[in-house]
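Thanks for asking me to look this one over. Here are my notes, in numbered points, to read alongside the model.

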Amino acid sequence: MFKGQPKGLFALALANTGERFGYYTMLAIFTLYMQAKFGWDENTAGHIYAIFLAGVYFMPLLGGFLADRIGYGKCVTTGIFVMFAGYLALAIPMVSADIDKITMFLGLVCIAIGTGLFKGNLQVMVGNLYDDPKYESKRDAAFSLFYMAINLGSMFAPAMAKALFVPYIEGKGYHFVPVANAISEYGAGASEYLQILAAGYRLCFYVACASLVLSILIYFLCRPWYRHADINVKQSKATAAPIQELTPKQTKNRIVALLLVFAVVIFFWMAFHQNGSALTFFADKYTNLNGITGPARIWFKIWSLFLIAVSVYTLFAIFQSDTRKSRIISGIATIILWIGAFAIYQTCPETMNVTSSDFQQFNPFFVVALTPLSVAAFSGLAKKGKEPSAPLKIGIGMLVAGVGFCIITIASRGLVSPMDLEEGQSQSILSPNWLIGTYFTLTIAELLLSPMGISFVSKVAPPKYKGLMMGGWFAATAIGNYLSRIPSALWNRISLMSNWSILIALCFIAGFIMLILCRRLEDVTKD
């Protein structure tokens with residue numbers, strides 16, 4: 001899996017891991033922070049969350065346009081510093097709530113602009129590593145590994161957030177309760193509690209600042225590994241290292257093909273990014289967060305999950321190693337990791353209380369743990385000449401996403417709709433396994449769609465428009481992220497079953513459209 005990959009992949013992946021760790025630590029609590037700090041309801045918080053996500057993923061379009069002219073590396077470096085300024089604006093408390101709002105919005109703008117300069121252009125450089133015929137066949141596997149590294153950072157983000165705000169709250173003489181239960185728990189003292197909760201959430205923004213420092217160190221120290229990939233068409237002409245150009249017809253066909261893919265995946269991101277809004281609200285109001293007992297407790301021990309995820313890689317190494325010694329070492333490592341995971345699980349109290357933000361660690365955990373299975377499965381199919389094309393994988397991923405929301409729909413049967421719940425009331429009766437199952441299925445969909453889509457863009461994009469086209473992928477993501485506010489806007493207006501049904505229908509319709517377009521998209525890659 002890792003064998004034969006260029007060193008530049010690992011340098012760029014780790015630089016992205018640090019940045020994503022900070023971003024998702026912030027994102028895990030962002031809607032909850034706004035509710036606690038400013039008293040906004042789910043619709044308002046969800047709307048701002050969606051606008052921010054849209055900005056974060058739309059700006060790579062402009063960042064790619066700029067990078068095609070001045071260079072990918074320059075944009076990546078500038079982006080890191082702009083993001084740092086944004087997180088710092090969020091982290092520093094102001095003298096009043098009104099000024100806090102202003103600095104928060106300014107910080108969000110900086111984060112969006114910085115991400116636009118950083119994210120897409122870093123991935124273009126990853127793709128450039130595989131323009132070398134020596135590595136071309138490893139492109140899809142490389143982007144799966146790159147995607148895994150991103151999620152390794154985001155996997156620890158919710159646990160980091162919780163490790164910061166819960167002790168802070170307890171140090172102020174309170175025990176943690178969700179925003180939705182603050183009034184029923186603390187009555188007249190709820191307002192003071194919510195401000196302390198918001199201050200605890202604010203600590204997560206400092207983590208984002210620190211993670212960017214780590215990213216920039218990795219990026220610069222390992223630059224010799226990927227320097228040759230930091231080149232666009234304009235720079236290649238200046239250095240007498242020309243990049244192959246396409247005919248106008250080929251360029252047009254490839255751009256049209258990419259635009260069709262972008263149009264379809266909008267609906268996936270609309271559905272998928274309910275993890276920070278509707279699915280978090282569902283966890284907050286309908287899921288039993290107190291009294292977790294039995295084997296289910298292991299899901300909320302992040303270090304146990306981490307060891308289990310790593311053990312998947314050592315387990316695969318047993319079968320993929322070239323020597324008997326390596327296989328034995330991998331087998332021993334796997335056993336040690338399992339023992340370690342069980343030992344950490346044994347430290348769990350008999351009854352665990354969790355928070356709604358804890359559920360956001362499951363998606364990145366499943367990405368990290370399932371990536372070896374995904375790479376091995378498609379590598380095996382490739383050897384037999386039966387590997388599905390990237391467009392086909394995307395279409396199947398859309399259908400699987402629809403199945404994921406079928407799970408949460410089944411769980412919602414018989415529940416009181418949000419519009420019928422009184423203020424501060426919740427119906428926390430569901431097992432966490434419903435949400436975990438939903439996240440598991442959505443992760444399978446994500447692995448079929450996101451890394452394969454990025455790989456497809458890096459392969460098909462005309463050379464002189466690589467930055468712009470990678471930005472287009474993220475612009476489609478941005479539109480989907482903004483549309484993700486629709487379930488939040490409808491949260492207190494329609495039933496849960498109706499809300500989830502909208503997402504199911506969109507995923508299935510988009511999936512079938514993608515399957516219909518597959519042949520046309522596959523033909524373009526052969527030009």
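1. A word on surface terms before the figures: accessible areas here come from the Shrake-Rupley method with a 1.4 Å probe. Please keep in mind that this is a predicted model. On that basis, the accessible surface of the chain is about 20900 Å², and carbon and sulfur atoms account for 66% of that surface.

2. On the overall fold, the chain has 19 helices and zero strands. Its radius of gyration is 23 Å, close to the 24 Å from the globule rule for 527 residues, so the chain is as compact as a globular protein of that length. The C-alpha trace spans about 70 × 55 × 45 Å along its principal axes.

3. Of the 527 residues in the chain, 58% are buried. Taking contacts between residues at least 6 apart in sequence, 85% join residues at least 24 apart.

4. For the charges, I would note 40 positive and 27 negative side chains. The centres of these two sets lie 12 Å apart.

5. How many aromatic pairs does the structure hold? The count is 36. One of them joins Trp 299 and Phe 362: the ring centres are 5.8 Å apart and the planes stand at 90 degrees, so this pair is edge-to-face. Trp 299 sits in the loop between α11 (278-286) and α12, while Phe 362 belongs to helix α14 (residues 362-383), so the pair ties together parts that are 63 residues apart in sequence.

6. Are the two partners buried or exposed, or something in between? Trp 299 is partly exposed, at 24% relative accessibility, whereas Phe 362 is buried, at 0%. Phe 362 also forms an edge-to-face pair with Phe 300, with 5.5 Å centre to centre and 75 degrees between the planes. This second pair again links distant parts of the chain, since Phe 300 is in the loop between α11 and α12 and Phe 362 in helix α14, 62 residues apart. Phe 300 is itself buried, with a relative accessibility of 9%.

7. Trp 299, Phe 300 and Phe 362 form one aromatic cluster with Phe 359, Phe 365, Phe 366 and Phe 440.

8. Finally, a look at Thr 314, which is placed in helix α12 (residues 302-320). Its relative accessible area is 15%, and buried means under 20%, so Thr 314 counts as buried. Leaving aside residues up to four places away in sequence, Thr 314 touches Ser 330, Ala 333, Thr 334 and Leu 337.

Notes
Residues are numbered from 1 along each chain as its sequence is written. This is a predicted model: local features need pLDDT of at least 70, side-chain atom pairs count only at pLDDT 80 or more; totals for chains, interfaces and linings use all residues. Side-chain values use heavy atoms; hydrogens and water are left out. Helices (H or I, at least four residues) and strands (E, at least two) are DSSP runs, numbered from the N terminus. Buried means under 20% relative accessible area, exposed over 50%, partly exposed in between (1.4 Å probe, protein chains only). Contact means heavy atoms within 4.5 Å. The radius of gyration is taken over C-alpha atoms; the globule rule is 2.2 Å times the number of residues to the power 0.38. Lys and Arg count as positive and Asp and Glu as negative; His and the chain ends are not counted. The place of a charge is taken as NZ of Lys, CZ of Arg, CG of Asp or CD of Glu. Rings of Phe, Tyr and Trp (its six-membered ring) pair if their centres lie within 6.5 Å; planes under 30 degrees apart count as stacked, over 60 as edge-to-face and the rest as tilted.
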